[in-house]
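Dear colleague,

I am handing over the structure we spoke about, and below it I have set out what was found. Please read the notes with the model open beside you.

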Amino acid sequence: MSDVQPPQPPATVTLTVDGKSVTVPKGTNVLEAAKQVGVDISAFCYHPGLSIAACCRQCLVSIEKAPKLAPSCQTTAGDGMVVHTTDPQSTAARKQMLEFTLVNHPIDCPICDKAGECTLQKLYFENDNANSRVDVPKVHKPKVVDLGPHVVLDAERCILCTRCIRVCDEVAGEHQLEMSHRGAHEELGTAPGARLDNPYSINTVDVCPVGALTAKDFRFTMRAWELEATPSVCNGCATGCNTEIHHRNGRAWRLVPRHNPDVNQYWMCDEGRFTYHELREDRLAVPTSGGLPASWDRALAAAAQQLQAALKTPAQVGVVLSAQASNEENFALAKLAAAWKVPNVFVASRAPVPDRADDILRDADVDPNRHGVAAIAPGALGMAELEAAINTGAIRALVVLGHDLPLSETGQGRLREIDALVVLAWREIGPARAATIALPIAAWAERSGTITNRQGRVQRQHAALPPPGQAVAGWEALVRLAGATGAKLSWTHVRDVHKDMVAAVKAFEGSTWARDVRPIQLRFANSRG
Amino acid sequence: MGAHATDHDDSETDGPKVLSVSPRNPRVRTIQIHRPAPQDASFLAATAKGLGVTLRHFFKNVLRGKDHNYIETVEYPEKKVDYPERFRGLHRLMHRDDGAVRCVACMCCPTVCPAHCITIVPAQTDDKGIEKFPAVFEIDELRCVVCGLCVEACPCDAIRMDTGEHAKPVEERHDAVMTKDALLELGARSTAVQGGEGAAWRERK
């Protein structure tokens, strides 16, 4: 809703919000219209990606000629409408609603994980800041309720906005949460016989405007205000959900979805959120030569020696691109293969997982960049051909990008018999263990690069974290390897790789390299609720 | 400067011989000083006078007894000076009624700390009313600038700096890091009401 179509004369309405005139498409609600002129009407139950419940009454505004205050989320903007948000009547109404919401709220901000990104906290500081006038005991409700595999509920903190229920119903398509009881005793819980176990369950935590729902994965690890956010794209599957990496001190603490109306709306799946864990698992931090740690110089010299013997007959040499690596890394390796005149170019890709596919976001294709690598190396051979080439012994030297080389057991055994197996990987598993030379490269959260999702969108992943140890970006490792073998790749920055790639590959036509972003300090950002 | 200084003008007849007087400020004068030759000077009298003062204090202190002597020197470290009540010293962590740590790992103190000397790793407790506690709570007393902001920020009277003790000298830097156990050892049960006083706080005067 926030990115509105270009206005067409018959389909727009013009209204006035706090004296500012705004023209919006017909059907836009008053709250979104106000947002366009910088009037922020914060609310609990309204979420632009969900249906409208209008149950929190926190967005009440005065509309001239209307008999009483109207919830701006539910009121469609009309032509000539005059809306006031700062008049005494609506200001008082919102203040009273806030006080009402706070009656039974435990106000345990110090131990609440939402503190710092909580809508209730933000509105309290902005609007009210008054002491409680209620001196009867608060209604107590269950705490630390295990709703499902990933989410914990604190029913006392819940302000009954029903956003989470609507996320389950409308996004995940499964009715797993429900309200029960009435009045002050109204309480969120799972629907009878259900658990909050849909693959999109942590979106309920994102939309929760207070700390009622918390993710087990993130809970109690970091305070929101300590984190920095860097935009990225999920590396979990071909959908390419836009994400933010929340990190601190060079370590990622969570992934949250970033709004993109054309890809993932406001959502992402739970599995995608957990992909940041692998950034700290089995990392290859220093080059290895023959399985032992080596300096870059020694590893490169050894690689050059092994490769140059094989490169005398390029038909015996193979190059394996990766459907998990960025376009730039793959392009650099394809360029190196061309410089070496190596005819055998393969693409390593994982087998699709049909079970995980749905028509929401999750794709059966668990490779984030299958489409990009297909555009860069259209004639590249697949895993079956690679397996066959290794098993027949036709390949004597192999340069592999990435740690994911799903070969059969025979193939993995034969891989160890190859004379020169140079692997550029960020995890020391699979081929990186079998390698004669392994070169450490930066993972997807540590380097800038683009990946192409299933729609063919080229999306940018920004570098959020420093690579561990001596790891460098994949393209840079390839430039070093090229230099050691006497081939010439003369890039000095990943944007140069991107530029050459756009010029060389038609599928990337028109793609431009955006500047690196500085991480946003969540301490200074508005509430995310 | 003031009245006293102006009294002292050049009408004085005693004193050294005045060679010239500044035309702008009559108090600035060039004078002639007569000093005895080195072989004629003797400091014996002055030395004896000074020793006399020392001896007078010595006998006073010895004869008047421990409680009434004038000795200002404190025999540190056997004896220590009492610091003011609000002196900020080593940190300590306060206890709940059951002896557990009061801290709920809210991260307010590491957030406000200008020296980044507090490290907290939160974890979950079995107590559903508390939920959160610090699995690790460490303060690097070498980094601490003793500003007391952590105490100000603490919402539950968990951290205090009222031990009245300095950071101790250490041989290794890591010895200056106070662990949770060390901080708790200095701590005591807090008299603040656990979980706040609730809605009735206004009635208390």
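What share of the 529 residues of chain A count as buried? In this predicted model, the figure comes to 51%. The C-alpha trace of chain A spans about 85 × 55 × 35 Å along its principal axes, and its secondary structure consists of 14 helices and 23 strands.

One helix of chain A can be described in more detail, namely α2, which covers residues 88-102 and has 15 residues. From its first C-alpha to its last, α2(A) reaches 21 Å, which is close to the 21 Å expected at 1.5 Å a residue. Within α2(A), the residues A:S90, A:R94, A:L98 and A:T101 are buried. Seen down the helix axis, the buried residues of α2(A) fall within an arc of 80°, and therefore they line one face of the helix. A:P88 and A:A92, by contrast, are exposed on the other side of α2(A).

A:P142 sits in the loop of chain A between α3 (119-128) and β6 (145-146), and it counts as partly exposed because it has 13 C-beta neighbours inside 10 Å. Between A:P142 and A:P314 the separation is 172 residues in sequence, while in space they are 68 Å apart, C-alpha to C-alpha.

Definitions and conventions. Residues are numbered from 1 along each chain as its sequence is written. Chains are lettered from A and ligands numbered from 1 in the order in which they are written. This is a predicted model: local features need pLDDT of at least 70, side-chain atom pairs count only at pLDDT 80 or more; totals for chains, interfaces and linings use all residues. Helices (H or I, at least four residues) and strands (E, at least two) are DSSP runs, numbered from the N terminus. The expected span of a helix is 1.5 Å times one less than its number of residues. A residue is buried if 20 or more other C-beta atoms lie within 10 Å of its own, exposed if 12 or fewer, and partly exposed in between; C-beta atoms are placed from the backbone. The arc is that of the directions from the helix axis to the C-beta atoms.
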